[in-house]
Amino acid sequence: MGNTVARDDFEWVYTDQPHADRRKEILAKHPEIKALMKPDYNLIWVVVLMVLAQLTAFYLVKDLDWKWVVFWAYVFGSCISHSMTLAIHEISHNSAFGNSKAMWNRWFGIFANLPLGLPYSISFKRYHMDHHRYLGGDGIDVDIPTNFEGWFFCTRFRKFIWIVLQPFFYAIRPLCINPKPITRLEIINLLAQLIFDVVIYYLWGVKSIFYMLAGSVLGLGLHPISGHFIAEHYMFLKGHETYSYYGPLNLLTFNVGYHNEHHDFPNIPGKSLPLVKKIAAEYYDNLPQYNSWIKVLYDFVMDDTISPYSRMKRQLKGYNSHGQKHLRKKNQLLEMVTKTLPLAKEDHLLWLQQAKARPFESPQRQGRGSVFSCH
């Protein structure tokens, strides 16, 4: 239990992420894939039913003994909550209403967020777009652990604790790595969530609130579905940055396991990613893949060559070693625009923040904007 992992730093690479080039190759060979780039309207009804299911659960647990509240929070609530975070992931890619109705997706994301108990949807979208465009980018991609996480969680026992505390690190990591000014939509997300939580407490009491919050925390920590956090990008095989999972839990997670396919085509809803794999099988069948997220969690803890440091990182041009932009005046301009733009243009602001970064990239990278699919 006290074995120390061999890594003492991230895997630094000096090449671009593979997804944009593979996307171009696949589209050139299989242009029919473009037909899959459309909203998944069934997602709307699935999310509504999930919200109703949690509301029913809030009512049913209000009079249970505490031991059963905890039991159902882990057995049922955690599954629904984690699944809802992945529904929000789909909505962040405008999969519910399409790119032409971007704001509808933002409002729907706030609605889907309600049974989680904590505001999440709007901030997640802002940072997740960075994850796609700047995969592994030092100081930008907040999916990458901090240096402290890599340094401290270096034994089997500490890695186990790190898995349990995943919700905590995902919450604070953006503030440490890439803090951004708060937007109006984030404030609305927060206020809507607070009002919802107060109403649930007023109607059904503290046990319903505990069930809601505990389900979210437990579902994102030591839980079989949480294996996808590690399976997606942790480097179990040297030189491979993204991995897909083709097991049964995709049925609960909107096919997030099809992760190579998702990064290649982030504007294709999860429902259609199995078709992408089927059409372009020659590109995906021979890539490293998983069939068990539980096995991923076990291997992460027990394999002394794997740790939070097992991620590929890139130093992007226009950023210093701490990931801060050299031209602070442009950041100040963005903050000013945040305060002056009408609410309906919040989504355009997110695009503007990405556009401001492009002049500082190499010309080679500038031609790869297709990976950023939201607008």
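**Close-up views of a predicted model**

View 1. Cys 79 is partly exposed, at a relative accessible area of 24%. This value comes from a predicted model. Cys 154 is buried, at 15% relative accessible area. The two fall in separate classes because the cut-off for buried is under 20%. A disulfide is a covalent bond between the sulfur atoms of two cysteines. Searching the whole structure turns up 0 disulfides.

**View 2. The whole chain, for orientation.** The protein has 375 residues, and 55% of them are buried. Its secondary structure comprises 18 helices and 4 strands. Take the contacts between residues at least 6 apart in sequence: 79% of these join residues at least 24 apart.

**View 3. Spans annotated as transmembrane.** An unreviewed UniProt entry lists residues 43-61, 68-87, 107-124, 187-204 and 210-231 under "transmembrane region". Two of these spans are described here. Residues 68-87 are 100% helix and 0% strand. Their end C-alpha atoms lie 27 Å apart. Residues 210-231 are 68% helix, again with 0% strand. For this span the end C-alpha atoms are 29 Å apart.

**View 4. The largest pocket and its lining.** The volume of the largest pocket is about 1200 Å³. Its lining consists of 41 residues. Nearest the centre lie Tyr 120, Ser 123, Phe 124, Tyr 170 and Ala 171. By class, the lining holds 24 nonpolar, 11 polar and 6 charged residues.

**View 5. Helices around the largest pocket.** Six elements each give at least two lining residues: H3 (66-92), H5 (121-133), H8 (166-177), H9 (184-204), H10 (206-219) and H11 (227-231). H5 supplies the largest share, with 7 residues.

**View 6. Thr 85 and its contacts.** Thr 85 sits in helix H3. Its relative accessibility is 4%, so Thr 85 counts as buried. Beyond its neighbours within four places in sequence, Thr 85 contacts Leu 116, Tyr 120 and Leu 220. One of these partners, Tyr 120, is also among the residues nearest the centre of the largest pocket.

**View 7. His 240 in a loop.** His 240 belongs to the loop between H11 and strand S2 (244-245). With a relative accessible area of 30%, His 240 is partly exposed. Residues up to four places away in sequence are set aside for its contacts. That leaves Met 235, Pro 288 and Met 312 as residues that His 240 touches. Leu 287 is 47 residues from His 240 along the chain, yet their C-alpha atoms are separated by 8.6 Å.

**View 8. Positive phi at Phe 254 and Asn 255.** Most residues other than glycine have a negative phi. Phe 254 has a positive phi, near 55 degrees. Asn 255 is not a glycine either, and its phi is also positive, at about 60 degrees. Phe 254 lies in the loop between S2 and helix H12 (259-264). Asn 255 is placed in the loop between S2 and H12 as well. Phe 254 counts as buried because its relative accessibility is 19%, and the cut-off is under 20%. Asn 255, at 14%, is likewise buried.

Notes:
Residues numbered from 1 in each chain as written. Predicted model: local features only at pLDDT ≥ 70, side-chain atom pairs only at ≥ 80, totals over all residues. Heavy atoms only, no water. UniProt positions renumbered as here; feature names shortened; annotations may be inferred. 1 Å grid on protein atoms, 1.4 Å probe; cavity = no way out; pocket = protein on both sides within 12 Å on 5 of 7 lines; lining within 4 Å. Points joined across faces, edges and corners; volume = space filled by probe spheres on them. Nonpolar A, V, L, I, M, F, W, Y, C, P; charged D, E, K, R; others polar. Disulfide = S-S within 2.5 Å. Buried < 20%, exposed > 50% of the residue type's maximum accessible area, 1.4 Å probe, protein only. Contact = heavy atoms within 4.5 Å.
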